[in-house]
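These are my notebook entries on one protein structure. I record below what I looked up, item by item.

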Amino acid sequence: MTDVQGIAVFDVCGTITKTNNTADFVGFVLARESLPRYGLFLLIRILSSLCGLLRIRSIAGRDRLRDGQIALLRGYSAVRLRGLAELYVTRLFTKGLLNHKVLEALQQERERGRTVILVSAAVDPPIAAMAEKLGVNEFWSSELQIEESRCTGRLRTDLLGRKTSILDKIAAQVDLRDSCVYSDNADDAAFMEAFGTRNVVLNTCRSHTAWGSGNGKYQFIANYDAPSLGKDPNSVNERT
């Protein structure tokens, strides 16, 4: 193995996985634990889909729906959520809900000597479990608020739209110009600007348009086998 050369930062939702790891994790928990709350969760998802169909795309509206999903975790113990997150991530692997081209890129970055870091706006239980599953020692995510060992249904810290806020922390001991980043989400463009190599994961042929021409700023990874005009998974993952 070569000497360590910077870091390789990977987004998770829509990049490593084919899922939104806030909404899908909440749904996984409630489907197993509480059918009444799961019914509320499904209602929120229907409202979210209606907003998409009606092109009601305000950030405030989408964030309220996300907050509503997270609120349904109120009262769950931190220990229980960690255990369920391990089961959730195992399911992602067994159900083929991973993007294998990105996992191959992750392994290649390791072979180049880069330290892999996960950065996601999703809530921390599934991201922590994914990091452990992949053998990744460092991750950054939104954090559920825990009081007296139980989730309050709110966030302690939120990285949604705020990934740039952690750049100083992850760059403390490395030069980001010698590092790389991978994401499928055009909302991460400002965050990606700090890195020497920027890799964009395209989940459909339509998703290229969100990034424009790039003017050579990006390297593109086509994460689909054939051109598709279907819904871009990024439209699901944009507000994690």
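Which helices and strands do the buried residues of H6 pack against? I noted first that the model is predicted. I then found that the buried residues of H6 pack against helix H1 (23–33), helix H4 (78–94) and helix H5 (100–111), and also against strand S2 (115–123) and strand S3 (138–147).

Entry on helix H6. I listed the buried residues of this helix, which spans residues 124–134: Pro125, Pro126, Ile127, Ala129, Met130, Ala131 and Leu134. I also looked just past the end of H6, where Gly135 has a positive phi of about 70 degrees.

Entry on the sheet. I recorded an open sheet of seven strands with mixed pairing, in the order S4-S3-S2-S1-S5-S6-S7. Its edge strands are S4 (150–157) and S7 (218–222), each of which pairs on one side only. I noted that neighbouring strands of this sheet are turned against each other by 25 degrees on average, direction ignored. As background, strands of a sheet pair through backbone hydrogen bonds, either parallel or antiparallel.

Entry on strands S6 and S7. I found that S6 (residues 197–202) and S7 run parallel and are joined by five bridges. Arg198 stands opposite Tyr218 in S7.

Entry on the surface. I looked up a nonpolar patch formed by Leu40, Leu43, Ile46, Leu47 and Leu50, which together have about 440 Å² of accessible area. Leu40 belongs to helix H2 (residues 35–53).

Conventions. Residues are numbered from 1 along each chain as its sequence is written. This is a predicted model: local features need pLDDT of at least 70, side-chain atom pairs count only at pLDDT 80 or more; totals for chains, interfaces and linings use all residues. Side-chain values use heavy atoms; hydrogens and water are left out. Buried means under 20% relative accessible area, exposed over 50%, partly exposed in between (1.4 Å probe, protein chains only). Helices (H or I, at least four residues) and strands (E, at least two) are DSSP runs, numbered from the N terminus. Contact means heavy atoms within 4.5 Å. Two strands pair if DSSP finds at least two bridges between them. Axes are lines fitted to C-alpha atoms, for helices over the stretch in contact, and angles run from 0 to 180 degrees between N-to-C directions. Patches are made of residues with over 30% relative accessible area and no salt bridge: like charges are joined within 9 Å, nonpolar side chains (Val, Leu, Ile, Met, Phe, Trp, Tyr) within 5 Å. Accessible areas come from the Shrake-Rupley method with a 1.4 Å probe; for residues, only the protein chains shown count as cover. A salt bridge is a side-chain nitrogen of Lys or Arg within 4 Å of a carboxyl oxygen of Asp or Glu.
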